[in-house]
Structures are given as C-alpha cells and as structure tokens.
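Welcome, and thanks for taking a look. Please have the sequence and the model open as you read.

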Amino acid sequence: MAGWTNRGKYDCLALWARGTSPATAFYMALVKSTPTADTDTMADLTQVATGNGYSDGGISLTRNATDFDVLTEDDTNDKALVQVKDIVWTASGGTLPSDGNGATYAVITDDNATVASRDVYHYGSLGGARVVSDTQTLTIQNFEIDLTES
Amino acid sequence: MDLLKSFRKPKWFVLKYAKVEKRPADRVYKWYAFEPGVIYPATVKRIREVIDSGEIPEELIDNRAMPGVDPRSVAMAYASQAKQLPNAFWEYALQDRGDFEDPIVIAIRAEALTLARRWFTQALSVAVGQAVGVHILKDERYRL
C-alpha cells in the first residue's frame with residue numbers, strides 16, 4: 001500500500017492555498033510499523049533501529065529536480081505523480097536494520113529537528129520486512145508519490 | 001570509445017515514441033508527451049521480449065547511479081518484476097478497459113499497465129539524462 005497521510009494532504013493544500021512556508025527539506029525514513037492515512041507524525045510509527053548505516057530520521061531529500069527527478073501528468077488516469085530519485089542505504093558493520101527487524105515501509109517526512117515530531121506526508125510499502133546483510137545495499141527505487149482525484 | 005558507447009541508442013529507444021512538449025513556464029524539467037495507444041503496446045511488446053530472452057533491458061540501465069550501486073540494479077529489478085507477472089496480465093494490459101468488469105482482472109491489468117508506465121518512464125529518464133516531465137495523453141482504453 002502507498003498513499004498520502006491526511007496530514008500530508010493538509011500540508012500540501014495549505015502550502016498551495018495559503019502560501020504557508022514549506023519544509024526546507026524532506027526526509028525518507030524506514031519504519032517497521034504500518035502507516036495509515038491517519039498517521040500524523042513519526043511518533044505514531046516505529047522507526048527501524050539506527051546504526052550499521054541507518055541514521056535516525058533517514059536520508060534527506062532536497063526540494064529540487066535532482067531529488068525529485070520525474071514529474072508525470074497522466075490524463076488517462078486523471079492524476080499526477082512525482083518520483084523520488086533512488087535512495088540507497090548501505091549496511092556497514094552488520095545487518096541493516098541493526099537489530100535484524102526488517103523495514104516494512106518507507107515514509108516521507110518534513111525536516112523538524114526533533115525526529116519524533118516530523119510530519120509524515122506519504123508512505124509506501126516495501127513489500128515485506130526488508131533486511132540487508134553487511135556491505136549490501138537497501139535501495140528504494142523510483143519511489144512515487146501520486147495525487148489522484150477519485 | 002567509451003564516450004561513443006555512452007551515446008549509443010539502446011535497442012529499444014523510448015524517444016522514438018515520445019513527442020517533445022513545450023512548457024515555457026517550466027525551465028527545469030524537459031517534457032515529453034506520450035499517446036497511450038502507442039507507448040503502452042510498444043512497452044508491453046518490449047517487456048515480453050525481455051521476459052522471453054532473459055536479457056537485462058539496456059534502456060533501463062542508469063549510469064548515473066550512486067557510487068557503489070550497480071547501475072544495472074534498477075533494470076534488473078524491473079525485469080524481475082515483469083517476469084513475476086503471469087502472461088495473461090500482459091494480454092489484459094492491451095485490451096480496452098471497457099471490456100472488463102471483474103475487479104480482480106481489473107486489478108491485475110492495472111498492475112501490468114503500471115509496471116509498463118514505470119518502465120517507459122525509467123527509459124525516458126535514462127535517455128534524456130536530466131529531470132523529465134511525462135505527459136500521458138487521454139485515452140480511456142488504457143485507463144487502469
């Protein structure tokens with residue numbers, strides 16, 4: 001499953017309609033609990049264990065055409081998508097996540113200095129609990145965020 | 001020699017099916033328009049070719065991959081996903097959406113069409129080598 005959280009929809013519309021200040025950057029984090037549309041912040045989720053190549057809060061994404069490298073306007077399916085560049089974690093010093101409990105979802109958050117307070121905007125399933133062994137990479141390929149009116 | 005090789009067109013060249021779309025307000029992304037009735041059959045044909053031959057689809061190999069990451073990894077992942085879909089999925093993908101009512105068949109057809117879209121999008125991104133915009137034009141036959 002993938003989708004926007006309601007917090008993400010709200011922040012997106014507030015930015016568009018009210019000109020609120022956007023986050024300077026986003027983060028992609030790995031979690032081992034299941035996000036839903038009602039998820040608000042990272043405090044609602046359980047992030048994977050830090051260490052062995054995974055830092056608290058995940059990997060930052062700059063709001064530009066390098067990190068969001070594909071935009072799609074789909075008139076056949078009445079939606080638009082933005083694609084995130086490939087995000088790569090490399091296990092170093094042992095398995096990633098370090099406690100062996102696999103990542104099940106990737107989430108996009110804002111950049112609040114306190115990780116637990118970061119708004120969760122969007123989430124996507126990794127298709128199972130993902131663990132990689134030392135020196136191997138865990139790559140999130142072409143993660144897509146879509147806006148569909150239904 | 002390597003430089004020349006890097007400019008060689010892949011066997012399946014996505015830009016053959018694309019039309020440059022001018023968007024003067026967007027100076028960052030390079031936009032291309034696709035007719036679903038052209039790009040989906042071409043992509044599905046190519047995917048089936050890859051499934052049959054077992055090759056790594058060179059049009060998806062991104063030499064801009066991060067250091068330490070195999071530039072073929074995305075291509076191999078897409079080929080692997082394609083191989084996991086039963087043959088019928090690809091048959092359904094090219095049939096008119098209006099022909100289907102069974103929600104299970106609609107869902108598996110959507111899975112195949114989504115992978116096809118991601119396939120030609122990745123091929124475009126690799127071929128253009130910069131941020132791209134993909135405009136999929138209206139065609140109800142290819143609705144998910």
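Here is a short briefing, grouped by topic.

This is a predicted model, in which local features need pLDDT of at least 70, side-chain atom pairs count only at pLDDT 80 or more, and totals for chains, interfaces and linings use all residues. Residues are numbered from 1 along each chain as its sequence is written, while chains are lettered from A and ligands numbered from 1 in the order in which they are written.

**The sheet**

- An open sheet of six strands runs in the order S10(A)-S5(A)-S4(A)-S3(B)-S2(B)-S1(B), with mixed pairing; strands (E, at least two residues) and helices (H or I, at least four) are DSSP runs numbered from the N terminus, and two strands pair if DSSP finds at least two bridges between them.
- Strand S10 (144-148) of chain A and strand S1 (19-21) of chain B are the edges, each with a single partner strand, so one side of each has no neighbour in the sheet.
- From one strand to the next, the twist averages 20 degrees (angles run from 0 to 180 degrees between N-to-C directions of axes, which are lines fitted to C-alpha atoms, for helices over the stretch in contact).

**Strand pairs**

- S4(A) and S3(B) run parallel and are joined by five bridges, with Val70(A) opposite Val132(B) in S3(B).
- Strand S4 (residues 70-74) of chain A also pairs with strand S5 (residues 79-83) of chain A, in the antiparallel sense over five bridges; here Glu73(A) has Ala80(A) as its bridge partner.

**Where the chains meet**

- The contact takes 25 residues from chain B and 17 residues from chain A (two residues are in contact if their C-beta atoms, placed from the backbone, lie within 7 Å).
- On the side of chain B that touches chain A, S3(B) gives the most, with five residues.
- Helix H5 (residues 103-128) of chain B lies across S4 of chain A together with strands S2 (30-34) and S3 (132-136) of chain B, at about 140 degrees to S3(B).

**Helix H2 of chain B**

- Residues buried in H2(B) include Ile39(B), Val44(B) and Ile47(B) (buried means 20 or more other C-beta atoms within 10 Å of a residue's own, exposed 12 or fewer, and partly exposed in between, with C-beta atoms placed from the backbone).
- The buried residues of H2(B) fall within an arc of 165 degrees seen down its axis, so they line one face of the helix; the arc is that of the directions from the helix axis to the C-beta atoms.
- On the other side of H2(B), Asp52(B) and Ser53(B) are exposed.
- Gly54(B) follows H2(B) and has a positive phi, near 75 degrees.
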